[in-house]
Amino acid sequence: VTKIFCLADDVSNKYFPEDFMFGTATAAYQIEGAWNEDGKGENIWDNYTHGHPELVTDNSNGDVACDSYHKYKEDVELLKDLGVQHYRFSIAWSRILPTGDADVINEAGVAYYRNLITLLRENNIQPMITMYHWDLPQALQDQGGWLDEFIVDKFEEYARVLFRLFGDQVTYWFTFNEPKQTCLLGYEYGSNAPGIKEPGIASYQCSHNVLKSHARAWHIYDDEFRSTQNGKVSIVIDSNWFEPNSDSEEDQTAAETKRQFVFGWYANAIFHGDYPEIMKTRIAKRSELEGFNQSRLPEFTEDEIAYIKGTHDYIGVNFYTSSLIKAIDEPDIDTPTYDKDCGISEFTSPDWPDSGTSWLKITPFGIRKQLNWVSKTYNNPDIVITENGVSDIDSSNLDDEIRINYYRDYLSNLRDAIDDGVKVFGYTTWSLMDDFEWMTGYTQKFGLYSVDFSSPNRTRTPKSSAAYYKKGDKYTLFSR
Ligand code: BGP
């Protein structure tokens with residue numbers, strides 16, 4: 001057993017299993033830049049940030065970002081220096097298929113990812129690939145995007161191209177990163193690209209097509225590639241821990257309802273083939289009250305349920321924070337429709353420390369509870385934490401104690417979850433380096449490495465947390 005973990009105040013010394021995977025993550029639009037180079041097609045984030053710069057906190061975009069398209073070799077050096085076992089990154093659909101269509105493959109894009117994957121493997125770093133981290137080719141959005149069922153065939157074609165091109169070198173695949181954010185922020189609240197606001201309908205339609213696309217990709221792998229490539233395919237679902245505000249039965253039920261609306265929306269489908277009962281019942285009831293003649297939540301057919309059920313070889317969980325959930329009689333009138341459908345009240349405790357991001361309170365206990373809940377609810381699957389991290393806003397602060405404490409305390413709780421019997425086999429920090437953080441632009445810093453966005457060279461400098469994640473320091477978190 002490698003001694004990995006010993007909290008300063010914990011005399012018992014905790015160990016991670018020797019084969020436990022430590023890694024770090026990024027996503028294409030957030031780091032690559034080169035938005036229109038070497039044949040890459042436009043995607044919805046290019047289009048959205050160019051058309052509406054005012055919607056991003058610092059009016060920025062991912063045109064150059066960390067310039068990882070040109071600096072991937074340096075990125076791999078950083079990963080080597082961290083000593084990580086895996087690197088989770090995403091492939092930009094429109095860099096491989098500029099119009100989203102599999103008839104035209106952009107060879108320069110293929111070469112970029114092939115070089116990256118090869119270099120990672122030469123250095124014993126497992127690539128963990130997200131196929132879709134929010135950057136839909138604009139040409140596909142123009143034909144309806146995730147709201148139109150044609151996208152399922154398009155995603156199938158894209159998935160087949162990726163498995164064919166890279167599958168011999170990749171064990172860990174994820175179809176989608178955080179489908180809830182794709183659908184809710186992109187098509188219901190309209191805060192993320194493509195900025196569509198169709199409350200109560202579009203996010204459900206989007207999710208319906210995302211789940212069908214996910215299942216299609218999993219089956220393609222199973223039917224055509226698994227016997228020769230022997231990899232694993234799943235999805236990344238985002239989760240807060242939703243803690244009941246009191247011991248009352250009402251609050252316990254409300255918290256479970258919220259978990260089902262957030263995590264169960266996707267997990268129940270891929271584990272059991274369909275949406276959670278509570279979602280089906282609540283949305284049908286509210287739709288009826290609103291005068292719809294059918295539920296705003298689309299239905300899967302029996303065949304679709306059978307097809308979607310079981311489309312997971314493991315499960316990716318993004319985890320950052322927690323909130324408190326209280327039962328309410330009736331949501332406020334101005335509550336967004338999806339939240340009305342869920343019908344609970346959500347808030348945070350003033351006792352929980354802040355980070356640089358308003359939605360992210362520091363709640364280490366939550367990761368243990370969430371892991372236990374996922375394990376219990378979905379029959380103890382293999383789990384990897386695919387993102388976990390904390391932001392601050394001061395780019396000059398390389399001595400990032402906030403991040404060291406965060407990782408120490410979350411990892412300690414994750415380690416406890418292993419003792420609880422949860423089959424979590426890996427942990428991935430968000431993020432390798434400071435990057436373009438969607439609507440907050442470059443103002444939120446999540447990286448183990450700081451990036452100088454004012455230098456054309458996009459110089460990377462390790463923060464204290466990088467040294468800490470590498471092998472432990474005065475806090476003796478872990479050493480390899
Ligand atoms: C997750 C995304 C990441 C990353 C992170 C930080 O939801 O998968 O891409 O951005 O959150 O969140 P944000 O940028 O919204 O602060």
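Helix 8 crosses helix 10 in a right-handed sense. The model is predicted. Helix 8 spans residues 179-187, and nine of its nine residues are buried.

**Helix 8 against helix 10**
- The two helices pack at an angle of about 120°, with their axes 10 Å apart.
- Helix 8 is therefore oblique to helix 10, which runs over residues 249-272.
- Helix 8 contributes P179, K180, C183 and L184 to the contact.
- Helix 10 contributes V262, W265 and Y266.
- By class, this contact has six nonpolar residues, one charged residue and no polar ones.

**Cis peptide bonds**
- A193 and P194 are joined by a cis peptide bond, with omega about 5°.
- P194 sits in the loop between helix 8 and helix 9 (202-229).
- W430 and S431 are also joined by a cis peptide bond, with omega about 15°.
- S431 belongs to the loop between strand 9 (424-430) and strand 10 (449-451).

**Positive phi outside glycine**
- N124 is not a glycine, yet its phi is positive, at about 60°.
- N124 lies in the loop between helix 5 (107-122) and strand 3 (126-132).
- N124 is exposed, with a relative accessible area of 68%.
- N379 is not a glycine either, and its phi is positive at about 60°.
- N379 lies in the loop between helix 14 (365-377) and strand 8 (383-387).
- N379 is exposed, with a relative accessible area of 70%.

Key: Residues numbered from 1 in each chain as written. Predicted model: local features only at pLDDT ≥ 70, side-chain atom pairs only at ≥ 80, totals over all residues. Heavy atoms only, no water. Buried < 20%, exposed > 50% of the residue type's maximum accessible area, 1.4 Å probe, protein only. Helix = DSSP H or I, 4+ residues; strand = E, 2+ residues; numbered from the N terminus. Axes fitted to C-alpha atoms, helices over the stretch in contact; angles between N-to-C directions. Parallel < 35°, antiparallel > 145°, perpendicular 65-115°, else oblique. Left-handed = near helix turned anticlockwise from the far one by under 90°. Contact = heavy atoms within 4.5 Å. Nonpolar A, V, L, I, M, F, W, Y, C, P; charged D, E, K, R; others polar.
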